[in-house]
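Work through the exercises below with the sequence and the model at hand. Try each task before reading its solution.

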Amino acid sequence: MQDTSANIVHWFRDAAPYINRHREKTFVVYFSGEAIDSAGFDNLIHDLAILHALGIRLVLVHGARPQIERRIRLEEITPWFAHGLRITDDRSLNPVIEAVGRLRVIIEARLSLSLANTPMSGSRIRVCSGNFITARPLGVRNGIDFHHTGEVRRVQTDAIEAQLASGQCVLLSPLGYSPTGEVFNLSAEDVATRTAIALGADKLILMNDRALPDGFPSQLTPAQIDELLLDHSPSGMLAKHLQNAREAIEAGVQRCHVIDHERDGSLLLELFTRDGAGTLVSAEAFEDIRQATINDVGGILELIEPLERDGLLVRRSREQLELEIDHFTVIQRDGKIIACAALYPYPEEKAAEIACVAVHPEYRQDRRGERLVEYLEKAARLQRLKYLFVLSTQTMHWFMEQGYRPGSLDDLPLERAALYNYQRQSKIFIKHL
Ligand SMILES: CC(C)(COP(=O)(O)OP(=O)(O)OC[C@H]1O[C@@H](n2cnc3c(N)ncnc32)[C@H](O)[C@@H]1OP(=O)(O)O)[C@@H](O)C(=O)NCCC(=O)NCCS
(Lines give C-alpha, C1' and ligand atoms only; values in the text may rest on other atoms or scores of the structure.)
Protein backbone atom coordinates (compact mmCIF):
# COMPACT_ATOMS: atom_id res chain seq x y z
CA MET A 1 0.00 0.00 0.00
CA GLN A 2 2.76 2.37 1.04
CA ASP A 3 4.65 1.36 -2.08
CA THR A 4 1.67 2.19 -4.30
CA SER A 5 1.24 5.63 -2.69
CA ALA A 6 4.93 6.35 -3.11
CA ASN A 7 4.70 5.32 -6.78
CA ILE A 8 1.74 7.59 -7.38
CA VAL A 9 3.45 10.55 -5.74
CA HIS A 10 6.65 9.85 -7.63
CA TRP A 11 4.81 9.52 -10.93
CA PHE A 12 2.89 12.73 -10.37
CA ARG A 13 6.03 14.70 -9.56
CA ASP A 14 7.83 13.32 -12.59
CA ALA A 15 4.89 14.21 -14.83
CA ALA A 16 4.62 17.78 -13.52
CA PRO A 17 7.14 19.35 -15.95
CA TYR A 18 5.29 17.78 -18.88
CA ILE A 19 1.94 18.97 -17.56
CA ASN A 20 3.30 22.51 -17.40
CA ARG A 21 4.97 22.25 -20.79
CA HIS A 22 1.83 21.03 -22.61
CA ARG A 23 -0.68 23.45 -21.09
CA GLU A 24 -2.35 25.70 -23.71
CA LYS A 25 -0.51 23.94 -26.52
CA THR A 26 -2.37 22.77 -29.62
CA PHE A 27 -2.31 19.04 -30.34
CA VAL A 28 -3.92 17.45 -33.39
CA VAL A 29 -4.65 13.79 -32.61
CA TYR A 30 -5.59 11.26 -35.30
CA PHE A 31 -7.12 7.89 -34.42
CA SER A 32 -8.39 5.33 -36.89
CA GLY A 33 -11.75 3.67 -37.41
CA GLU A 34 -10.10 0.47 -36.16
CA ALA A 35 -9.26 2.25 -32.89
CA ILE A 36 -12.92 3.25 -32.52
CA ASP A 37 -13.97 -0.40 -33.01
CA SER A 38 -11.41 -1.66 -30.52
CA ALA A 39 -12.00 -2.66 -26.89
CA GLY A 40 -9.53 0.02 -25.77
CA PHE A 41 -11.46 2.91 -27.30
CA ASP A 42 -13.12 3.94 -24.04
CA ASN A 43 -9.69 4.21 -22.44
CA LEU A 44 -8.44 6.33 -25.33
CA ILE A 45 -11.41 8.68 -24.85
CA HIS A 46 -10.64 8.88 -21.11
CA ASP A 47 -7.02 9.76 -21.90
CA LEU A 48 -8.10 12.44 -24.37
CA ALA A 49 -10.39 13.84 -21.68
CA ILE A 50 -7.40 14.06 -19.34
CA LEU A 51 -5.44 16.02 -21.96
CA HIS A 52 -8.38 18.39 -22.31
CA ALA A 53 -8.63 18.79 -18.53
CA LEU A 54 -4.91 19.63 -18.40
CA GLY A 55 -5.51 22.63 -20.65
CA ILE A 56 -4.31 21.16 -23.95
CA ARG A 57 -6.13 22.56 -26.98
CA LEU A 58 -7.31 19.43 -28.79
CA VAL A 59 -8.25 18.87 -32.39
CA LEU A 60 -9.35 15.25 -32.85
CA VAL A 61 -9.48 13.65 -36.27
CA HIS A 62 -11.13 10.27 -36.64
CA GLY A 63 -10.81 7.70 -39.38
CA ALA A 64 -13.70 5.54 -40.59
CA ARG A 65 -12.30 2.88 -42.95
CA PRO A 66 -13.78 -0.33 -41.43
CA GLN A 67 -17.12 1.36 -40.69
CA ILE A 68 -17.38 2.65 -44.28
CA GLU A 69 -16.36 -0.78 -45.55
CA ARG A 70 -19.14 -2.50 -43.58
CA ARG A 71 -21.74 0.07 -44.58
CA ILE A 72 -20.83 -0.23 -48.27
CA ARG A 73 -20.97 -4.02 -48.19
CA LEU A 74 -24.42 -3.82 -46.57
CA GLU A 75 -25.57 -2.04 -49.73
CA GLU A 76 -23.91 -4.82 -51.74
CA ILE A 77 -21.61 -2.32 -53.40
CA THR A 78 -18.20 -3.65 -54.39
CA PRO A 79 -15.54 -1.37 -52.94
CA TRP A 80 -12.99 0.00 -55.41
CA PHE A 81 -9.56 1.23 -54.55
CA ALA A 82 -6.81 2.85 -56.59
CA HIS A 83 -3.43 4.18 -55.39
CA GLY A 84 -4.41 3.10 -51.87
CA LEU A 85 -7.53 5.29 -51.89
CA ARG A 86 -11.20 4.39 -51.96
CA ILE A 87 -13.03 5.48 -55.08
CA THR A 88 -16.22 7.05 -53.81
CA ASP A 89 -18.69 6.89 -56.68
CA ASP A 90 -22.27 8.19 -56.60
CA ARG A 91 -23.63 4.95 -55.08
CA SER A 92 -20.99 4.78 -52.33
CA LEU A 93 -21.29 8.39 -51.26
CA ASN A 94 -24.43 7.96 -49.16
CA PRO A 95 -23.11 4.96 -47.20
CA VAL A 96 -19.88 6.93 -46.62
CA ILE A 97 -21.82 9.93 -45.27
CA GLU A 98 -23.96 7.67 -43.09
CA ALA A 99 -21.00 5.73 -41.67
CA VAL A 100 -18.98 8.89 -40.94
CA GLY A 101 -21.99 10.78 -39.54
CA ARG A 102 -22.80 7.89 -37.23
CA LEU A 103 -19.21 7.74 -35.97
CA ARG A 104 -19.15 11.45 -35.32
CA VAL A 105 -22.24 11.13 -33.12
CA ILE A 106 -20.79 8.12 -31.28
CA ILE A 107 -17.52 9.95 -30.56
CA GLU A 108 -19.37 13.08 -29.41
CA ALA A 109 -21.48 10.92 -27.11
CA ARG A 110 -18.44 9.18 -25.61
CA LEU A 111 -16.73 12.51 -25.03
CA SER A 112 -19.86 13.73 -23.23
CA LEU A 113 -19.75 10.93 -20.67
CA SER A 114 -19.19 12.26 -17.17
CA LEU A 115 -20.55 9.49 -14.99
CA ALA A 116 -19.34 9.16 -11.45
CA ASN A 117 -17.04 6.16 -10.89
CA THR A 118 -15.50 6.48 -14.35
CA PRO A 119 -12.31 8.35 -15.26
CA MET A 120 -14.62 10.82 -17.05
CA SER A 121 -16.31 11.82 -13.81
CA GLY A 122 -16.48 15.61 -13.60
CA SER A 123 -15.18 16.14 -17.12
CA ARG A 124 -17.17 18.63 -19.11
CA ILE A 125 -15.90 18.55 -22.64
CA ARG A 126 -17.68 20.69 -25.16
CA VAL A 127 -17.11 19.22 -28.61
CA CYS A 128 -17.53 21.09 -31.82
CA SER A 129 -17.69 19.63 -35.33
CA GLY A 130 -18.45 21.57 -38.51
CA ASN A 131 -17.51 22.59 -42.01
CA PHE A 132 -13.92 23.33 -41.11
CA ILE A 133 -12.36 21.50 -44.06
CA THR A 134 -12.79 22.75 -47.62
CA ALA A 135 -12.20 19.96 -50.13
CA ARG A 136 -11.65 19.56 -53.81
CA PRO A 137 -12.06 16.48 -55.99
CA LEU A 138 -9.03 14.33 -56.72
CA GLY A 139 -10.44 14.23 -60.24
CA VAL A 140 -9.25 11.80 -62.87
CA ARG A 141 -5.75 10.37 -62.31
CA ASN A 142 -4.04 7.99 -64.70
CA GLY A 143 -7.39 7.54 -66.37
CA ILE A 144 -9.15 6.65 -63.09
CA ASP A 145 -12.04 8.86 -62.00
CA PHE A 146 -12.07 9.21 -58.21
CA HIS A 147 -15.56 10.78 -58.21
CA HIS A 148 -16.33 11.92 -54.63
CA THR A 149 -12.92 11.07 -53.23
CA GLY A 150 -11.17 14.35 -52.61
CA GLU A 151 -8.28 16.09 -50.93
CA VAL A 152 -7.99 18.96 -48.49
CA ARG A 153 -8.09 22.30 -50.25
CA ARG A 154 -8.14 24.60 -47.23
CA VAL A 155 -8.46 24.37 -43.46
CA GLN A 156 -10.64 27.06 -41.88
CA THR A 157 -8.07 27.90 -39.24
CA ASP A 158 -9.83 31.04 -37.94
CA ALA A 159 -12.96 29.05 -37.20
CA ILE A 160 -11.02 26.23 -35.49
CA GLU A 161 -8.93 28.71 -33.49
CA ALA A 162 -12.10 30.46 -32.32
CA GLN A 163 -13.51 27.16 -31.00
CA LEU A 164 -10.24 26.23 -29.29
CA ALA A 165 -9.99 29.71 -27.76
CA SER A 166 -13.41 29.25 -26.20
CA GLY A 167 -12.29 26.00 -24.56
CA GLN A 168 -13.95 23.62 -27.02
CA CYS A 169 -12.44 20.48 -28.38
CA VAL A 170 -12.73 20.29 -32.18
CA LEU A 171 -13.69 17.00 -33.83
CA LEU A 172 -12.93 16.57 -37.54
CA SER A 173 -14.19 13.76 -39.75
CA PRO A 174 -12.72 12.50 -43.02
CA LEU A 175 -15.27 14.49 -45.02
CA GLY A 176 -14.87 17.90 -46.61
CA TYR A 177 -17.17 20.24 -48.45
CA SER A 178 -16.52 22.15 -51.66
CA PRO A 179 -17.65 25.69 -52.44
CA THR A 180 -20.06 24.06 -54.90
CA GLY A 181 -21.77 22.38 -51.94
CA GLU A 182 -20.55 18.85 -52.68
CA VAL A 183 -19.28 16.32 -50.12
CA PHE A 184 -15.87 14.65 -50.55
CA ASN A 185 -14.45 11.60 -48.84
CA LEU A 186 -10.95 12.39 -47.58
CA SER A 187 -8.05 10.52 -46.02
CA ALA A 188 -8.33 11.18 -42.27
CA GLU A 189 -4.53 11.16 -41.85
CA ASP A 190 -4.27 13.86 -44.51
CA VAL A 191 -6.99 15.90 -42.76
CA ALA A 192 -4.98 15.64 -39.52
CA THR A 193 -1.68 16.52 -41.18
CA ARG A 194 -3.02 19.47 -43.16
CA THR A 195 -4.87 20.76 -40.09
CA ALA A 196 -1.76 20.52 -37.90
CA ILE A 197 0.23 22.41 -40.56
CA ALA A 198 -2.43 25.07 -41.09
CA LEU A 199 -2.80 25.67 -37.34
CA GLY A 200 0.97 25.61 -36.76
CA ALA A 201 0.18 22.97 -34.11
CA ASP A 202 2.67 22.13 -31.40
CA LYS A 203 2.12 18.43 -31.97
CA LEU A 204 0.60 16.08 -34.51
CA ILE A 205 -0.11 12.69 -32.94
CA LEU A 206 -0.84 9.79 -35.27
CA MET A 207 -2.14 6.65 -33.63
CA ASN A 208 -1.02 3.60 -35.53
CA ASP A 209 -3.07 0.40 -35.52
CA ARG A 210 -0.18 -1.95 -34.98
CA ALA A 211 2.57 -2.09 -32.40
CA LEU A 212 5.72 -0.45 -33.74
CA PRO A 213 8.23 -3.12 -34.86
CA ASP A 214 10.71 -4.26 -32.19
CA GLY A 215 13.68 -1.96 -31.97
CA PHE A 216 11.92 0.77 -33.97
CA PRO A 217 13.71 4.10 -33.31
CA SER A 218 12.19 6.27 -30.59
CA GLN A 219 13.30 9.43 -32.42
CA LEU A 220 13.49 10.19 -36.11
CA THR A 221 14.30 13.17 -38.28
CA PRO A 222 12.76 13.71 -41.72
CA ALA A 223 16.02 12.52 -43.34
CA GLN A 224 16.04 9.37 -41.22
CA ILE A 225 12.43 8.71 -42.25
CA ASP A 226 13.50 8.79 -45.90
CA GLU A 227 16.25 6.27 -45.18
CA LEU A 228 13.90 4.04 -43.23
CA LEU A 229 11.26 4.09 -45.95
CA LEU A 230 13.87 3.13 -48.52
CA ASP A 231 15.74 0.46 -46.56
CA HIS A 232 13.09 -1.22 -44.44
CA SER A 233 9.80 -0.56 -46.27
CA PRO A 234 7.65 -0.57 -43.09
CA SER A 235 4.01 -1.73 -43.24
CA GLY A 236 1.55 0.34 -45.26
CA MET A 237 -0.03 2.32 -42.45
CA LEU A 238 3.23 2.96 -40.60
CA ALA A 239 4.84 4.15 -43.84
CA LYS A 240 1.90 6.48 -44.43
CA HIS A 241 2.10 7.89 -40.92
CA LEU A 242 5.85 8.44 -41.20
CA GLN A 243 5.31 10.29 -44.47
CA ASN A 244 2.59 12.40 -42.86
CA ALA A 245 4.90 13.16 -39.94
CA ARG A 246 7.73 14.16 -42.24
CA GLU A 247 5.43 16.43 -44.25
CA ALA A 248 4.17 18.11 -41.06
CA ILE A 249 7.65 18.67 -39.61
CA GLU A 250 8.96 20.09 -42.86
CA ALA A 251 6.01 22.48 -42.91
CA GLY A 252 6.80 23.76 -39.41
CA VAL A 253 4.85 21.55 -36.98
CA GLN A 254 7.12 21.26 -33.94
CA ARG A 255 6.82 17.59 -33.14
CA CYS A 256 4.98 14.54 -34.43
CA HIS A 257 4.42 11.36 -32.49
CA VAL A 258 3.59 8.01 -34.03
CA ILE A 259 2.15 5.75 -31.37
CA ASP A 260 0.32 2.48 -31.17
CA HIS A 261 -3.31 2.81 -30.03
CA GLU A 262 -3.53 -0.79 -28.90
CA ARG A 263 -1.12 -0.31 -26.04
CA ASP A 264 -3.27 0.90 -23.18
CA GLY A 265 -2.26 4.40 -22.06
CA SER A 266 0.29 4.88 -24.87
CA LEU A 267 -0.86 8.48 -25.39
CA LEU A 268 -0.25 9.39 -21.74
CA LEU A 269 3.06 7.53 -21.63
CA GLU A 270 4.28 9.30 -24.75
CA LEU A 271 3.31 12.74 -23.49
CA PHE A 272 4.06 12.56 -19.79
CA THR A 273 7.07 10.29 -19.36
CA ARG A 274 10.70 10.79 -20.19
CA ASP A 275 11.02 7.66 -22.30
CA GLY A 276 7.69 7.92 -24.09
CA ALA A 277 5.97 5.00 -25.79
CA GLY A 278 6.24 5.68 -29.50
CA THR A 279 8.37 7.45 -32.05
CA LEU A 280 9.00 11.16 -31.93
CA VAL A 281 9.66 12.88 -35.23
CA SER A 282 11.24 16.30 -34.99
CA ALA A 283 13.42 18.51 -37.12
CA GLU A 284 15.82 19.38 -34.35
CA ALA A 285 17.13 15.86 -33.87
CA PHE A 286 19.46 16.59 -36.72
CA GLU A 287 21.17 17.78 -33.61
CA ASP A 288 22.56 14.59 -32.40
CA ILE A 289 23.04 14.11 -28.66
CA ARG A 290 25.68 11.42 -28.10
CA GLN A 291 28.75 10.34 -26.23
CA ALA A 292 31.87 12.29 -27.22
CA THR A 293 34.79 10.68 -29.02
CA ILE A 294 38.42 11.71 -29.33
CA ASN A 295 37.52 13.52 -32.58
CA ASP A 296 35.35 15.94 -30.60
CA VAL A 297 38.19 17.29 -28.44
CA GLY A 298 38.85 20.26 -30.76
CA GLY A 299 35.15 21.18 -30.94
CA ILE A 300 34.70 20.94 -27.16
CA LEU A 301 37.78 23.11 -26.51
CA GLU A 302 36.47 25.75 -28.91
CA LEU A 303 33.16 25.75 -27.02
CA ILE A 304 34.52 25.86 -23.46
CA GLU A 305 37.61 28.07 -23.76
CA PRO A 306 35.68 31.38 -23.69
CA LEU A 307 33.73 30.13 -20.65
CA GLU A 308 36.94 29.09 -18.92
CA ARG A 309 38.36 32.57 -19.55
CA ASP A 310 35.28 34.08 -17.89
CA GLY A 311 35.79 31.78 -14.90
CA LEU A 312 32.47 30.00 -15.49
CA LEU A 313 34.16 26.65 -16.05
CA VAL A 314 37.28 25.17 -14.51
CA ARG A 315 40.21 25.16 -16.92
CA ARG A 316 41.02 21.88 -18.70
CA SER A 317 44.07 21.33 -20.86
CA ARG A 318 43.79 19.52 -24.19
CA GLU A 319 45.68 16.57 -22.65
CA GLN A 320 43.29 16.36 -19.71
CA LEU A 321 40.30 16.58 -22.02
CA GLU A 322 41.72 13.81 -24.21
CA LEU A 323 42.10 11.59 -21.14
CA GLU A 324 38.59 12.37 -19.90
CA ILE A 325 36.78 12.37 -23.24
CA ASP A 326 34.77 9.23 -22.42
CA HIS A 327 33.03 11.15 -19.65
CA PHE A 328 31.72 13.77 -22.09
CA THR A 329 28.40 13.99 -23.89
CA VAL A 330 27.95 16.44 -26.76
CA ILE A 331 25.23 17.92 -28.92
CA GLN A 332 26.36 18.16 -32.50
CA ARG A 333 24.56 20.26 -35.07
CA ASP A 334 25.55 20.10 -38.70
CA GLY A 335 28.97 18.81 -37.76
CA LYS A 336 29.61 21.47 -35.08
CA ILE A 337 29.74 20.82 -31.33
CA ILE A 338 27.28 23.29 -29.86
CA ALA A 339 26.94 21.91 -26.33
CA CYS A 340 28.67 19.54 -23.96
CA ALA A 341 28.53 18.16 -20.43
CA ALA A 342 30.51 15.61 -18.47
CA LEU A 343 29.62 12.91 -15.94
CA TYR A 344 32.32 11.69 -13.53
CA PRO A 345 31.12 8.62 -11.64
CA TYR A 346 32.17 7.63 -8.10
CA PRO A 347 30.96 4.02 -8.23
CA GLU A 348 31.67 3.19 -4.58
CA GLU A 349 29.44 5.98 -3.35
CA LYS A 350 26.93 5.30 -6.17
CA ALA A 351 27.30 8.95 -7.09
CA ALA A 352 28.52 11.05 -9.99
CA GLU A 353 29.50 14.64 -10.61
CA ILE A 354 27.97 16.62 -13.45
CA ALA A 355 30.50 19.11 -14.76
CA CYS A 356 31.42 21.29 -17.68
CA VAL A 357 27.83 21.92 -18.81
CA ALA A 358 28.11 24.40 -21.65
CA VAL A 359 25.87 25.51 -24.49
CA HIS A 360 27.18 27.74 -27.27
CA PRO A 361 25.80 31.28 -26.72
CA GLU A 362 23.99 31.26 -30.08
CA TYR A 363 22.07 28.15 -29.12
CA ARG A 364 20.99 28.94 -25.57
CA GLN A 365 17.48 29.16 -24.16
CA ASP A 366 16.17 26.34 -26.29
CA ARG A 367 16.30 23.65 -23.58
CA ARG A 368 19.58 22.17 -24.82
CA GLY A 369 21.13 22.52 -21.36
CA GLU A 370 18.10 20.76 -19.90
CA ARG A 371 18.31 17.96 -22.52
CA LEU A 372 21.97 17.40 -21.73
CA VAL A 373 21.36 17.15 -18.01
CA GLU A 374 18.39 14.81 -18.60
CA TYR A 375 20.60 12.65 -20.81
CA LEU A 376 23.28 12.41 -18.12
CA GLU A 377 20.66 11.63 -15.48
CA LYS A 378 19.35 8.81 -17.65
CA ALA A 379 22.89 7.45 -18.05
CA ALA A 380 23.38 7.68 -14.27
CA ARG A 381 20.13 5.80 -13.63
CA LEU A 382 21.26 3.06 -16.01
CA GLN A 383 24.45 2.76 -13.95
CA ARG A 384 22.19 2.47 -10.88
CA LEU A 385 23.72 5.54 -9.28
CA LYS A 386 21.84 7.02 -6.34
CA TYR A 387 22.65 10.70 -6.60
CA LEU A 388 24.31 13.37 -8.70
CA PHE A 389 26.10 16.48 -7.57
CA VAL A 390 27.39 19.58 -9.24
CA LEU A 391 29.74 22.38 -8.16
CA SER A 392 28.83 25.75 -9.58
CA THR A 393 29.75 29.38 -9.04
CA GLN A 394 27.21 31.17 -11.22
CA THR A 395 24.67 28.69 -12.45
CA MET A 396 23.10 27.74 -9.12
CA HIS A 397 19.60 28.81 -9.99
CA TRP A 398 19.68 27.07 -13.31
CA PHE A 399 20.57 23.79 -11.59
CA MET A 400 17.86 24.40 -9.00
CA GLU A 401 15.41 24.67 -11.87
CA GLN A 402 16.61 21.25 -13.05
CA GLY A 403 15.66 19.82 -9.63
CA TYR A 404 19.04 20.14 -7.81
CA ARG A 405 19.03 21.19 -4.16
CA PRO A 406 21.77 22.92 -2.14
CA GLY A 407 24.12 20.49 -0.42
CA SER A 408 27.39 20.68 1.51
CA LEU A 409 30.91 19.26 1.37
CA ASP A 410 29.70 16.38 3.56
CA ASP A 411 27.47 15.25 0.70
CA LEU A 412 30.43 14.72 -1.66
CA PRO A 413 32.36 11.46 -1.96
CA LEU A 414 35.44 11.83 0.28
CA GLU A 415 37.78 11.65 -2.66
CA ARG A 416 35.99 14.57 -4.34
CA ALA A 417 35.63 16.59 -1.14
CA ALA A 418 39.40 16.39 -0.70
CA LEU A 419 39.82 18.14 -4.07
CA TYR A 420 37.41 20.99 -3.20
CA ASN A 421 38.91 24.31 -4.29
CA TYR A 422 38.43 26.72 -1.36
CA GLN A 423 39.52 29.68 -3.49
CA ARG A 424 36.79 29.05 -6.02
CA GLN A 425 34.12 28.65 -3.30
CA SER A 426 31.75 26.79 -5.60
CA LYS A 427 28.29 26.00 -4.27
CA ILE A 428 27.31 22.34 -4.07
CA PHE A 429 24.05 20.99 -5.44
CA ILE A 430 22.61 17.52 -5.16
CA LYS A 431 19.89 15.53 -6.90
CA HIS A 432 18.76 12.12 -5.70
CA LEU A 433 17.78 9.85 -8.56
C1 LIG B 1 23.66 27.23 -18.14
C2 LIG B 1 23.56 26.82 -19.58
C3 LIG B 1 24.21 25.48 -19.77
C4 LIG B 1 22.08 26.70 -19.96
O5 LIG B 1 21.95 26.28 -21.31
P6 LIG B 1 20.58 26.50 -22.14
O7 LIG B 1 20.57 25.54 -23.29
O8 LIG B 1 20.39 27.92 -22.45
O9 LIG B 1 19.55 26.01 -21.04
P10 LIG B 1 18.00 25.88 -21.09
O11 LIG B 1 17.47 26.33 -22.41
O12 LIG B 1 17.68 24.49 -20.65
O13 LIG B 1 17.59 26.91 -19.94
C14 LIG B 1 17.59 28.27 -20.22
C15 LIG B 1 17.00 29.03 -19.04
O16 LIG B 1 17.94 29.05 -17.98
C17 LIG B 1 18.19 30.39 -17.63
N18 LIG B 1 19.60 30.52 -17.21
C19 LIG B 1 20.71 30.41 -17.95
N20 LIG B 1 21.79 30.59 -17.20
C21 LIG B 1 21.36 30.81 -15.95
C22 LIG B 1 22.00 31.07 -14.70
N23 LIG B 1 23.31 31.18 -14.63
N24 LIG B 1 21.25 31.21 -13.61
C25 LIG B 1 19.89 31.11 -13.68
N26 LIG B 1 19.22 30.89 -14.83
C27 LIG B 1 19.95 30.74 -15.95
C28 LIG B 1 17.93 31.19 -18.89
O29 LIG B 1 17.66 32.54 -18.60
C30 LIG B 1 16.73 30.45 -19.44
O31 LIG B 1 15.56 30.83 -18.79
P32 LIG B 1 14.40 31.65 -19.57
O33 LIG B 1 14.12 30.87 -20.81
O34 LIG B 1 13.31 31.69 -18.58
O35 LIG B 1 15.06 32.97 -19.84
C36 LIG B 1 24.19 27.88 -20.54
O37 LIG B 1 23.65 29.13 -20.22
C38 LIG B 1 25.70 27.96 -20.44
O39 LIG B 1 26.39 27.29 -21.21
N40 LIG B 1 26.21 28.79 -19.52
C41 LIG B 1 27.64 28.98 -19.37
C42 LIG B 1 28.35 27.79 -18.77
C43 LIG B 1 27.94 27.48 -17.35
O44 LIG B 1 27.70 28.35 -16.54
N45 LIG B 1 27.82 26.17 -17.07
C46 LIG B 1 27.48 25.63 -15.79
C47 LIG B 1 28.73 25.26 -15.06
S48 LIG B 1 28.68 23.64 -14.46
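The exercises go from the whole chain to one helix and then to the ligand.

The model is predicted: local features need pLDDT of at least 70, side-chain atom pairs count only at pLDDT 80 or more, and totals for chains, interfaces and linings use all residues. Residues are numbered from 1 along each chain as its sequence is written.

**Exercise 1. Describe the chain and its domains.**

Step 1. Count the elements: the chain has 15 helices and 23 strands. Helices (H or I, at least four residues) and strands (E, at least two) are DSSP runs, numbered from the N terminus.

Step 2. Take the extent along the principal axes: the C-alpha atoms fill a box of roughly 85 × 55 × 40 Å.

Step 3. Divide the chain: the domain assignment gives domain 1 (2-284) and domain 2 (292-432), with bounds that come from an automatic or database assignment. Their C-alpha centres lie 41 Å apart.

**Exercise 2. Find the nonpolar cores.**

Step 1. A residue is buried if 20 or more other C-beta atoms, placed from the backbone, lie within 10 Å of its own.

Step 2. Join buried Ala, Val, Leu, Ile, Met, Phe, Trp, Tyr and Cys residues through C-beta atoms within 7 Å; each such set is a nonpolar core. The largest has 65 residues, and Val28, Leu204 and Ala245 have the most contacts inside it. Apart from it lies another core, of 38 residues, including Phe328, Ile331, Ala351 and Ala355.

Step 3. List partners of Val28, leaving aside neighbours within four places in sequence: among them are Val59, Val61, Ala192 and Leu204. Contact requires C-beta atoms, placed from the backbone, within 7 Å.

**Exercise 3. Which residues of α13 are buried, and what covers them?**

Step 1. Check the span: α13 has 15 residues and reaches 21 Å from its first C-alpha to its last, close to the 21 Å expected at 1.5 Å a residue. The expected span is 1.5 Å times one less than the number of residues.

Step 2. Read off burial: Arg368, Gly369, Leu372, Val373, Leu376, Glu377 and Ala380 are buried.

Step 3. Identify the cover, which includes β18 (328-333), β19 (336-346), β20, β21 and α14.

**Exercise 4. Which elements supply the shell around the ligand?**

Step 1. β20 (351-359), α13 (368-382), β21 (387-392) and α14 (396-401) each supply at least two residues. The largest share, four residues, comes from β20.

Step 2. Of the 20 residues around the ligand, Arg364, Arg368, Gly369, Glu370 and His397 come nearest; a residue counts as near if its C-beta atom, placed from the backbone, lies within 6 Å.

Conventions. Buried ≥ 20, exposed ≤ 12 C-beta atoms within 10 Å, placed from the backbone. Contact = placed C-beta atoms within 7 Å.
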